[in-house]
Amino acid sequence: MPQDGVRCNEMIRAREVRVIGAEGDQLGILGRNEAIALAREHGLDLVEVAAAAEPPVCRIMDFGKFKYETQKKKQEAKKRQTVVQIKEIKVRPKTDDHDFETKVRHVRRFLEDGDRVKVTVFFRGREIVHKDRGLAILDRVIADTKDISRVEQDPRAEGRTLQMLLVPVSKKGISQETVNPASEERSSSVGA
């Protein structure tokens with residue numbers, strides 16, 4: 001199969017094909033070789049447009065122009081797509097007020113940019129017995145960003161961490177987002 005997934009001319013495997021002319025008119029079911037000869041007569045190619053149909057549907061057209069237009073449509077779709085990333089902010093239960101305020105500023109900036117933010121409180125050693133301090137920190141983050149975010153995933157414990165997910169409520173973020181699965185895999189991290 002060709003790289004772009006579209007067969008043309010001799011690459012078409014079916015013996016008989018339903019042919020659509022260059023002007024969009026139905027020419028009926030023809031033999032593959034007869035359809036290719038008809039296309040070449042007009043200086044064009046026979047392109048398989050619906051391989052799953054029985055018999056496959058082929059159209060007489062300029063294959064180079066078809067590939068170009070398909071590529072342009074893909075580029076336009078990609079341009080309109082909004083990529084949403086998950087950013088991660090890490091804090092500890094003993095994070096000082098000034099450091100905490102800096103991290104909240106980072107969270108706000110990420111949310112204003114339309115990204116999702118994963119806030120993680122990680123515990124070291126015996127700090128794990130004070131999960132209430134971690135929950136208090138997450139509650140402060142929620143309170144400090146409540147005007148531009150909402151909680152998508154409530155705080156939950158996973159091993160030695162507490163995590164929650166914030167999403168923007170602005171028009172730039174959630175309302176028109178198209179999540180790109182590849183971008184969710186790459187989460188950016190800002191210092192601990």
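Start by selecting E48 and R7: their side chains meet in a salt bridge, N to O at 3.2 Å. The term here means a side-chain nitrogen of Lys or Arg within 4 Å of a carboxyl oxygen of Asp or Glu. This pair links distant parts of the chain, with E48 in strand β3 and R7 in the segment before β1, 41 residues apart. Strands (E, at least two residues) and helices (H or I, at least four) are DSSP runs, numbered from the N terminus.

Before you click on, keep in mind that this is a predicted model, where local features need pLDDT of at least 70 and side-chain atom pairs count only at pLDDT 80 or more, while totals for chains, interfaces and linings use all residues. Numbering runs from 1 along each chain as its sequence is written, and side-chain values use heavy atoms, with hydrogens and water left out.

Are E48 and R7 buried or exposed? E48 counts as buried because its relative accessibility is 9%, and R7 is buried too, at 12%. Buried is under 20% relative accessible area, exposed is over 50%, and partly exposed is in between (1.4 Å probe, protein chains only).

Next, pick E10 and R40. They form a salt bridge whose closest N and O atoms are 3.3 Å apart. E10 lies in the segment before β1 and R40 in helix α1 (residues 32-41), so the pair ties together parts that are 30 residues apart in sequence. R40 is partly exposed, at 45% relative accessibility.

Stay in the segment before β1 (16-20) and select N9. Its phi is near 50 degrees, a positive value in a residue other than glycine. That's worth a look, because most residues other than glycine have a negative phi. N9 counts as buried, with 7% relative accessibility.

Another backbone stop: the peptide bond from E54 to P55 is cis, with omega near -5 degrees. You'll find P55 in the loop between β3 (45-50) and β4 (57-61).

Now show R140 and F100. R140 lies over the face of F100, 3.9 Å from the ring centre. The criterion is NZ of Lys or CZ of Arg within 6 Å of the ring centre and within 35 degrees of the ring normal.

R156 and E158 form a salt bridge with the closest N and O atoms 2.9 Å apart; R156 is partly exposed at 40%, and E158 is partly exposed at 35%. Then select E76, K79 and R80, which are linked in a network of salt bridges. How many salt bridges does a search of the whole structure find? It finds nine.
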